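The exercises below are meant to be worked through with the coordinates open in a viewer.

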Amino acid sequence: MDSKNKITNTFKYKNIGVDYSLENYDLQNSLNQFNGFENDFKLSHQLNGATKLNLEINPTVNFESNIGLSDVSLLGGIEMTHSFNRSNAISIGVKRMTLFGKPEILPTFSFYHQISPNTFIEAGFPNSTFSYSNNTRNSFSLTNSFNGNFYNLDKPEVLDHLNAATKVSFSQMTSALEYERNMDSNWFVSLKGGYEFNKKYNLTNNSGDSKLDFNSTNSYIFNIGIKYKH
């Protein structure tokens with residue numbers, strides 16, 4: 001917007017398909033497709049030469065197949081970044097997120113250090129990154145992140161006469177190596193490979209209490225992406 005204010009808006013759609021390998025779950029024809037819409041609005045305001053205020057508003061809609069008002073969640077929060085010099089900065093904030101499979105207010109923090117003109121490290125929660133660029137077109141990143149989400153079920157899943165589940169919850173920790181190359185000034189191609197561990201897939205009630213744990217196993221991931229930046 002100007003020298004002190006910057007706005008970023010990102011819209012996402014996600015579809016998750018679940019393949020059940022254990023026959024005793026008897027869910028081959030249900031609880032296997034979930035959808036989500038997300039709009040992430042960020043406002044960054046430079047308070048002074050060393051301190052920046054970041055505001056994030058993140059409404060989401062997560063559902064199985066039918067959308068209702070109860071599927072809408074308002075996430076986001078506030079974060080403050082202070083630069084000690086050109087090479088070191090620290091960020092501290094608080095956000096409402098779904099990293100562990102349910103909406104929670106959690107602290108965020110990170111420490112940024114520019115090791116060299118081509119290399120930097122950012123360590124914190126929920127994301128950490130080590131990045132290296134051998135030239136202006138290539139960048140390599142080693143990342144570690146917490147991520148998760150939940151989806152409302154169209155109808156409660158009755159497990160027994162005492163327990164019924166109304167949501168499905170996903171969470172995991174991901175470590176990955178990513179390569180990004182800019183094809184021109186606007187188009188970028190990325191390759192990402194890594195490992196997901198501490199994976200959890202549960203059926204829960206409205207309070208987020210687990211009613212059925214699917215005992216998810218760790219797994220490898222591989223992504224190919226195309227980005228356009230203007």
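Strands here (E, at least two residues), like helices (H or I, at least four residues), are DSSP runs numbered from the N terminus. The model is a predicted one, in which local features need pLDDT of at least 70 and side-chain atom pairs count only at pLDDT 80 or more, while totals for chains, interfaces and linings use all residues. Residues are numbered from 1 along each chain as its sequence is written, and side-chain values use heavy atoms, with hydrogens and water left out.

**Exercise 1. Ser169**

Solution. Step two is the accessibility, for which buried means under 20% relative accessible area, exposed over 50% and partly exposed in between, with a 1.4 Å probe and protein chains only. Step four lists the surroundings, where contact means heavy atoms within 4.5 Å. Leaving aside residues up to four places away in sequence, Ser169 touches Phe100, Gly101, Asn149, Phe150, Lys200, Tyr201, Asn202 and Thr204.

**Exercise 2. Thr81**

Solution. Thr81 lies in strand 4, residues 72–83, and it is buried, with a relative accessible area of 13%.

**Exercise 3. Salt bridges**

Task: How many salt bridges does a search of the whole structure find, and which parts of the chain does the pair Glu56 and Lys95 tie together?

Solution. A salt bridge is a side-chain nitrogen of Lys or Arg within 4 Å of a carboxyl oxygen of Asp or Glu, and the search of the whole structure finds four. In one of them, the side chains of Glu56 and Lys95 meet at 2.9 Å, N to O. Glu56 lies in strand 3 (residues 51–63) and Lys95 in strand 5 (residues 88–97), so the pair ties together parts that are 39 residues apart in sequence. Glu56 is buried at 13% relative accessible area, and Lys95 also counts as buried, at 16%. Another bridge joins Asp40 to Lys42, with the closest N and O atoms 3.9 Å apart; here Asp40 is buried at 10%, whereas Lys42 is partly exposed at 39%. A further bridge links the side chains of Glu196 and Lys199 at 3.6 Å, N to O, with Glu196 buried at 15% and Lys199 partly exposed at 24%.

**Exercise 4. Strand 9 and its partners**

Task: Describe how strand 9 pairs with strand 8 and with strand 10, and then examine Asn135 in the loop between strand 8 and strand 9.

Solution. Two strands pair if DSSP finds at least two bridges between them. Strand 8 and strand 9 run antiparallel and are joined by six bridges, with Ser128 standing opposite Asn144 in strand 9. A hairpin of five residues connects strand 8 to strand 9. Strand 9 and strand 10 pair in the antiparallel sense over 17 bridges, and Asn152 stands opposite Lys167 in strand 10.

Within the loop between strand 8 and strand 9 lies Asn135, which is partly exposed with a relative accessible area of 37%. Its side chain reaches the backbone nitrogen of Arg137 at 2.8 Å and the backbone nitrogen of Asn138 at 2.9 Å. The C-alpha atoms of Asn135 and Asn118 are separated by 7.9 Å, although these residues are 17 residues apart along the chain.

Terms used:
A polar contact is a pair of N or O atoms within 3.5 Å; within protein, one must be able to donate a hydrogen and the other to accept it, and residues adjacent in sequence count only if both atoms are side-chain atoms.
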